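Thanks, everyone. Please bring the structure up on your screens. I'll walk you through it briskly.

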Amino acid sequence: MATNATIETLLNRRSIRKFKDEPIDDDATATLETVAQHAASSQFLNDWSAIRVSDPAIKARLAEIGNQPYIATAPLLYVFVIDEHRNAHIAQRKGIDPTSDEFHLKYSYRFTQAQNDAVLALHAMETAAYSLGLGGVILGSLLNDIPALIDLLNLPEYTYPVLGLALGKPDQEPTLKPRMPRSMQFFDNTYPADDDGMLEQLPDFDNKVHQYYDLRQTDRPVDAFSDQIASVSRQGVSGKTLLDKAAAQGFQLDK
Ligand SMILES: Cc1cc2nc3c(=O)[nH]c(=O)nc-3n(C[C@H](O)[C@H](O)[C@H](O)COP(=O)(O)O)c2cc1C
């Protein structure tokens with residue numbers, strides 16, 4: 001495989017959940033935020049924002065919502081959000097009424113477009129952080145209680161939380177988590193018709209995953225990939241519906 005510093009950074013990335021109690025300096029923070037802004041943005045809508053959380057009380061509440069204590073210990077913590085609020089105001093200044101049907105930034109296509117942009121920006125920031133010797137973890141757990149999160153961060157109409165990102169100087173060295181064989185995830189031209197063929201290398205991958213130890217639970221290896229998928233496929237997600245919560249923020253995702 002070809003290699004260079006960027007590829008090394010990407011291939012050595014692993015989630016870091018324990019941070020040294022050292023602040024991230026302003027230069028590094030500015031660099032990371034500028035990098036995030038340089039990610040691609042569909043139609044150049046710039047339809048995301050990020051809340052930089054430094055207030056210990058808000059961090060503590062986020063850790064509660066995410067049910068993950070390390071969230072509160074992150075020296076640098078962001079919540080990335082879909083943001084059509086800013087664009088609503090910009091459009092309003094040009095004579096568009098954001099409450100009217102003429103305002104299309106509240107519809108599903110724009111919502112997913114903004115979500116994509118937010119994720120790309122977050123990922124650029126994550127990669128840049130690793131390239132500076134920092135580490136971090138993406139936080140889907142903040143979405144455990146979206147209304148509480150919206151309330152805590154004062155997220156206004158036409159905004160919606162996407163993901164958190166906790167960053168800091170690593171205070172742990174987890175081993176790299178195995179990835180599935182490339183042939184299971186990259187297909188030529190069309191999706192393969194032969195499901196069994198696609199899963200031919202699954203037993204080998206199951207074994208590799210089962211040999212991995214998660215630092216959050218070091219007393220036993222993690223379950224084989226197949227067992228993880230079976231278990232998650234049975235996990236209830238009924239409280240995690242989108243349409244109602246997005247509607248409360250002004251979005252109309254049925255359109
Ligand atoms: C969208 C997304 C949400 C995630 N949410 C969490 C989270 O809430 N808490 C956590 O500890 N890890 C979270 N992770 C990290 C994944 O568990 C991790 O990336 C995966 O297990 C692979 O491990 P690695 O990052 O060490 O390679 C999240 C990752 C992604 C992409």
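Let me begin with a term. Two strands count as paired if DSSP finds at least two bridges between them. Keep in mind, too, that this is a predicted model.

Now apply that term. How many bridges join strand 1 and strand 2? Five, and the two strands pair in the antiparallel sense. Strand 2 covers residues 76-83.

Strand 3 runs over residues 135-139. Strand 3 also gives the largest share of the shell around the ligand: three residues.

So much for the sheet; on to the ligand. There are 15 residues around the ligand. Which of them come nearest? Ser 15, Arg 17, Tyr 70, Gly 140 and Lys 177. By type, the shell holds six charged residues, five nonpolar and four polar.

Here are some contacts to find on screen. Start with Ile 138. One of its backbone N or O atoms lies 3.1 Å from a nitrogen atom of the ligand. Then Ser 141: a polar backbone atom of Ser 141 is 2.9 Å from an oxygen atom of the ligand. Then Arg 216. Here a polar side-chain atom is involved, and this atom lies 3.1 Å from a ligand oxygen. How much of the ligand's area does the protein bury? Taken alone, the ligand exposes 630 Å², and the protein buries 70% of that.

The domain assignment gives domain 1 as 5-174 and domain 2 as 182-233. How far apart are the C-alpha centres of domain 1 and domain 2? They lie 28 Å apart.

That's my tour. Thank you.

Note on methods
Residues are numbered from 1 along each chain as its sequence is written. This is a predicted model: local features need pLDDT of at least 70, side-chain atom pairs count only at pLDDT 80 or more; totals for chains, interfaces and linings use all residues. Side-chain values use heavy atoms; hydrogens and water are left out. Domain bounds come from an automatic or database domain assignment. A residue is near a molecule or strand if one of its heavy atoms lies within 4 Å of it. A polar contact is a pair of N or O atoms within 3.5 Å; within protein, one must be able to donate a hydrogen and the other to accept it, and residues adjacent in sequence count only if both atoms are side-chain atoms. Accessible areas come from the Shrake-Rupley method with a 1.4 Å probe; for residues, only the protein chains shown count as cover. Helices (H or I, at least four residues) and strands (E, at least two) are DSSP runs, numbered from the N terminus. Ala, Val, Leu, Ile, Met, Phe, Trp, Tyr, Cys and Pro count as nonpolar, Asp, Glu, Lys and Arg as charged, and the others, Gly among them, as polar.
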